[in-house]
Amino acid sequence: VFLGLRCQAGSGLLNTGQAREALREMARLESSAWPARLLTQRLLAEVGVLRGQERMADARRTCQGLIVQAQAAGLDGVLSAALSDLAAICLALGDTDGALRVSQQILARSRHRRDNFVVHALATVACVAFVRGDLAQARASLLDFAAASRSRSWEWLGLYSGLLALLAVQEGRLEAAARLLGYVDRQQTQLGSRDVLGVYARTRARAAVDDALEPSVLRRLLDLGGQLEPDAVCAWAFEPPPA
């Protein structure tokens with residue numbers, strides 16, 4: 001029952017009241033005699049619920065407490081998940097220094113591991129680079145991101161594909177950006193995600209192509225982009241910038 005409630009609370013399918021009730025029921029069921037791995041599941045779910053409700057300051061406090069518990073218990077998997085959440089929360093709060101620091105910690109931990117948190121961390125590093133106007137770092141991080149995603153059967157490419165469109169915009173490759181935005185829109189429809197990185201990148205990229213391209217040209221490129229496969233997405237994303 002406890003783990004079933006954890007899945008429900010973390011699914012994103014419950015409304016605010018239902019999610020809070022699921023967390024309360026988890027707390028009522030808990031026993032201090034349970035192993036730490038099980039006890040941390042409620043905090044993981046709580047972080048997800050708070051993020052979904054955009055209560056980012058509360059989410060950060062909960063996540064920091066979860067990190068302390070996971071470190072004390074030697075729970076590497078829980079620690080990686082909590083650090084990934086914390087990086088995204090810091091970014092949502094505008095704390096780029098914190099987001100970068102936590103992401104670098106994830107990358108250092110993952111150097112000899114094969115978990116998917118490195119993909120999230122590289123996307124976060126790229127987003128920080130965009131915010132800071134460091135285009136070279138953004139490209140380098142996205143090349144690493146694409147390679148990591150490819151190695152995991154393109155895991156999370158769709159979720160963060162808006163960053164690839166933003167790279168094309170920033171490098172002056174507006175038609176490539178429009179194609180990539182077609183892929184972004186298809187992925188967002190399929191995934192149903194409103195991830196903060198994806199929203200930030202898509203919003204900036206779409207505003208740029210709307211201003212620069214004729215509506216009929218833009219529609220055609222968006223339609224073409226919606227049919228792209230991951231290899232083609234990366235080919236468009238990493239074309240050399242114009243001289």
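Me: In which helix does Ser-84 lie, and is Ser-84 buried or exposed?
Reply: This is a predicted model, and in it Ser-84 lies in helix α5. The cut-off for a buried residue is under 20% relative accessible area. Because Ser-84 has a relative accessible area of 12%, Ser-84 is buried.

Me: Leaving aside neighbours within four places in sequence, which residues is Ser-84 in contact with?
Reply: Contact here requires heavy atoms within 4.5 Å. Once the neighbours within four places in sequence are set aside, the contacts of Ser-84 are Ile-106, Phe-117 and His-120.

Me: Which helix gives the most to the lining of the largest pocket?
Reply: The largest pocket has a volume of about 1300 Å³, and of the 41 residues that line it, those closest to its centre are Gly-48, Arg-51, Gly-52, Asp-85 and Asp-195. By class, its lining has 22 nonpolar, 13 polar and six charged residues. Helices α1, α2, α3, α5, α7 and α11 each supply at least two residues of this lining, and the one that gives the most, with seven residues, is α5.

Me: Why are the buried residues of α1 on the same side of the helix?
Reply: The buried residues of α1, which spans residues 2-9, are Phe-2, Leu-5, Arg-6 and Ala-9. An α-helix has 3.6 residues a turn, so residues three or four places apart point the same way. What covers the buried residues of α1 includes α2 and α3. They are on the same side of α1 because they cover an arc of only 105° around the axis.

Me: What separates the C-alpha atoms of Arg-220 and Gly-182?
Reply: Arg-220 is found in helix α12, which covers residues 215-225, and it is partly exposed, with a relative accessible area of 44%. Arg-220 and Gly-182 are 38 residues apart along the chain, and the separation of their C-alpha atoms is 9.4 Å.

Notes
Residues are numbered from 1 along each chain as its sequence is written. This is a predicted model: local features need pLDDT of at least 70, side-chain atom pairs count only at pLDDT 80 or more; totals for chains, interfaces and linings use all residues. Side-chain values use heavy atoms; hydrogens and water are left out. Buried means under 20% relative accessible area, exposed over 50%, partly exposed in between (1.4 Å probe, protein chains only). Helices (H or I, at least four residues) and strands (E, at least two) are DSSP runs, numbered from the N terminus. The arc is that of the directions from the helix axis to the C-beta atoms. On a 1 Å grid over the protein atoms alone, a cavity is a set of points where a 1.4 Å probe fits but cannot get out, and a pocket is an open set with protein on both sides within 12 Å along at least five of seven lines; lining residues have an atom within 4 Å of a point. Grid points are joined across faces, edges and corners, and a volume is the space filled by probe spheres set on the points. Ala, Val, Leu, Ile, Met, Phe, Trp, Tyr, Cys and Pro count as nonpolar, Asp, Glu, Lys and Arg as charged, and the others, Gly among them, as polar.
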